[in-house]
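Dear colleague,

Please find below the structure that I am handing over to you. I would be grateful if you would read the notes after it with the model open beside them.

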Amino acid sequence: MRILAVVGLAGCGAAPLGEVEIEGGSLALQAQLRAELVAFDQDVGPGRIDLRAVHVTNAVNGGHAGQLRSNEVWIDVHSGPVRVLRHELCHRVSSPDDLAQVPLWEEVAAQLFGSDLAHAIDVYPTAHAQREEAMAQFCEAGPVALSALRDLCPGEDPLAAELADWLMRTIYQNYEAPPLLALDPAEAVTFDGWVTIDSTVAGTTADGLVVVGLDGAWRAASLQTGQRVDADGLRPAPDPDEAPTLRGVERRSGVGLPGGPAAAVGTVDLNHFGASARRLFAYDPAVGAWTTVPQCLDASAQLFSADGGVWTAWREGEVQRWQPVLR
């Protein structure tokens, strides 16, 4: 687990984070960091963070991935800079008022510094510092990812949902999550034929048709009914992936239509708790934001595009099914 350090905190009544100076790194990285600063400012509520500058460097003092010194952040360019920035901003919000001084974070800090972070006790010698680092380790996932964790999937630690709920109420209190996108089971389509454990579904250039991959061969079927059709030579069409950034989520797969809807299968890295279960996320251009589809996915889940929409597919034993996410 990477180590991040906080050195000194002060100030309030801040200017917008979008105006903070960014020094170092490529122009593309600076744009990503700027976007995160603007989004974080909105998520926590404008004016809660007094920050003067962000410095991107090839090495941070002490070998840390990131460091907060007074009201400036230093980031190692090799350590996932956007997430590290979010981590340090979480410190900047919480530490002055010791927001994490609650039994919940005392419990988590005791777990972390008794195991994963035992080697870092010298960096975080006080109970306050340990609570704050424990909080930032989870807060860095960001509001999009954390809001999805409020509803547990099988096998996930209930404490993770409790931590996510606290962070959304206390740190990301200004974040307005779009309504959950519930898929209609009545729209699920069943393929007319048996499938194997490695079957896949893909869109095609033919309107209304998909192909199902079975044992190295492709079989055409109706997108809407799942009935097999005679279409020799029909092959998968490439799926575009021009989706906006899905903050804090490790995308396992994704489909994004240019200027249109998008979907992603992703997990959330919770550091001490490991990776979350796979979840489905959807981007509706009419809303302009990612939302969570309340489904816990297994390893068979996949995405594809067809007929101007994004679809999800999965297996149930020897049955292949698919369903529209957004059209």
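**Confidence**

Please bear in mind that this is a predicted model. The chain has a mean pLDDT of 89, and 95% of its residues reach 70 or more. Among the elements of the chain, strand 6 has the highest mean pLDDT, at 97, whereas strand 1 (residues 4–7) has the lowest, at 42. Over residues 1–12 the pLDDT stays under 50, and the model has 55 contacts beyond four places in sequence for that stretch.

**Disulfides**

Two disulfides were found in a search of the whole structure. With the bonded cysteines numbered in sequence order, the pairing reads 1-2, 3-4.

At 4% relative accessibility Cys-153 counts as buried, whereas Cys-296, with a relative accessible area of 41%, is partly exposed.

**Helix 3**

Helix 3 (residues 103–112) has Leu-104, Trp-105, Val-108, Ala-109 and Leu-112 as its buried residues. Seen down the helix axis, these residues fall within an arc of 125°, so they line one face of helix 3. They pack against helix 4 and helix 6. On the face turned away from the buried side are the exposed residues Pro-103 and Ala-110.

Strand 12 (residues 278–284) is largely enclosed by the rest of the structure, because five of its seven residues are buried. Strand 11 (residues 262–267) runs antiparallel to strand 12 and is joined to it by five bridges; Gly-266 has Arg-279 of strand 12 as its bridge partner. Strand 12 also pairs with strand 13 in the antiparallel sense, over seven bridges. There, Ala-282 has Thr-291 of strand 13 as its bridge partner. Strands 12 and 13 form a hairpin with four residues between them, and Gly-288 in the turn has a positive phi of about 75°.

Four strands make up an open sheet in the order 6-16-15-14, with antiparallel pairing. Strand 6 (189–190) and strand 14 are the edge strands, each with a single partner strand, so one side of each is left without a neighbour in the sheet. Strand 6 and strand 16 (residues 319–326) run antiparallel and are joined by two bridges. Thr-190 has Arg-321 of strand 16 as its bridge partner.

**Two individual residues**

Ser-300 lies in the loop between strand 13 and strand 14 (302–306). At 11% relative accessibility, this serine counts as buried, the cut-off being under 20%. Its side chain makes a polar contact with the side chain of Asp-298, at 2.6 Å. Neighbours within four places in sequence aside, Ser-300 is in contact with Ala-313, Trp-314 and Arg-315.

Gly-47 is found in the loop between helix 1 (27–44) and strand 3 (53–57). With a relative accessibility of 32%, Gly-47 counts as partly exposed. Gly-47 and Ala-14 are 33 residues apart in sequence, while their C-alpha atoms are 4.8 Å apart in space.

With kind regards

Notes: Residues are numbered from 1 along each chain as its sequence is written. This is a predicted model: local features need pLDDT of at least 70, side-chain atom pairs count only at pLDDT 80 or more; totals for chains, interfaces and linings use all residues. Side-chain values use heavy atoms; hydrogens and water are left out. A disulfide is a pair of cysteine sulfur atoms within 2.5 Å. Buried means under 20% relative accessible area, exposed over 50%, partly exposed in between (1.4 Å probe, protein chains only). The arc is that of the directions from the helix axis to the C-beta atoms. Contact means heavy atoms within 4.5 Å. A polar contact is a pair of N or O atoms within 3.5 Å; within protein, one must be able to donate a hydrogen and the other to accept it, and residues adjacent in sequence count only if both atoms are side-chain atoms. Two strands pair if DSSP finds at least two bridges between them. pLDDT is the predictor's confidence in each residue, from 0 to 100.
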